[in-house]
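Hi,

Here is the structure I promised to pass on. Have a look at it first, and then read my notes below.

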Amino acid sequence: MIMRWFPGGDDSVTLEQIKQIPGVTGVATCLTDIPVGEVWPLDRLVALKEEINKAGLEVEVIESVNIHEDIKKGLPARDRYIENYLRTMENLAAIGIKCLCYNFMPVIDWARSDLAAPLPDGSTVMSYRHEEVLKMNPAKMADVMFSQARGYSLPGWEPERLAAMAADIEFYQSITLEAYWGNLKYFLDAVIPHAEKLGIKMAIHPDDPPWPLYGLPKLITDAERIRTLLALHDSVYNGLALCTGSLGANPENDLPAMIREFAGQGRVHFAHIRNVKRLSPQDFDEAAHPSFCGSLDMFAIVKAFHDSGFDGYIRPDHGRMIWGEKARPGYGLYDRALGVTYLLGLWEAITRMKAGQKE
Ligand SMILES: [Mn+2]
């Protein structure tokens, strides 16, 4: 069980606080100040690892090393950026990283219409209203998100990406889904053999939300698409960060079945387990972790991981903002800590009930 943590004073939550959450043994982290496409310097990574280890926590997961838009677009410059990606992977392997989370979402990483939507209990959550998102142009959505980010960086919404946003969205209108799969395959064919050599499991994060937006191609949205992804380069090192909140926004996605299939094949390396409250097929609020707080059956989800013999990394993903906490949207301490405790409780109960059945 790990938690996402941002270094360099870019997080309201401290390593010391994370260390005190029962059962959390490490963090998933990243360097947020390296421009997308540049090599992550080894000395910075060594210092990062030392800082985390000093707090009594492990760092074996990086979330994320984002992919330069030229790779996603399939431009000639992609080879240089893929070379940089391979160099970054070597530096990550040198500090003992075993799992690398990334995504292949064009231009816009995760999208929400509100980062602090109030719930009746006085807490706030990140929410998504499809009509509102369509009414905003992407630049307006970026404005809304930054105005609610409390000064923290928004992973996946790097300034250099925003600057080129309008032109990039225009560019993607002429890229077919088939061509976009081809661009992902080109990347995987270069990266996965290197990952095998270095012992780093690649874990792609699903698209969030899992449906098309602004005419942009979306790849990782459902079971059929995930089968396509896994077949693009058939290696266990080509795997998933299975995010229940992202995939669960679409009521058609049967999460326990997907977990059984893909974790059963050893292709899930990282689990983001959180709940989501669906309000219509394309509207949702993020929710507290327990089943009764949202639309997902969290017991069935955790049991599917358990039954599949899942031994990868789990994190509680996003939480609500509660108890007056001021933090990066989705990444406060309190609700994620409650989420950890709930998930570990489910895990223990399932483990012990199975042991009891055997006696
Ligand atoms: Mn996630």
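A quick term before the sheet: two strands pair if DSSP finds at least two bridges between them. Helices (H or I, at least four residues) and strands (E, at least two) are DSSP runs, numbered from the N terminus. Keep in mind that this is a predicted model, where local features need pLDDT of at least 70 and side-chain atom pairs count only at pLDDT 80 or more, while totals for chains, interfaces and linings use all residues. Residues are numbered from 1 along each chain as its sequence is written.

On to the sheet. It is open, with eight strands paired in parallel, and the order runs S1-S2-S3-S4-S7-S8-S9-S12. At the edges sit S1 (2–4) and S12 (313–315), each pairing on one side only. From one strand to the next, the twist averages 25 degrees.

Inside the sheet, S4 (residues 99–102) and S7 (residues 201–204) pair in the parallel sense over four bridges. There, Cys-101 stands opposite Ala-203 in S7.

Now the helix pair. H12 (residues 255–264) packs with H13 (residues 298–307) at an angle of about 15 degrees, and their axes are 9 Å apart. Axes are lines fitted to C-alpha atoms, for helices over the stretch in contact, and angles run from 0 to 180 degrees between N-to-C directions.

Cheers
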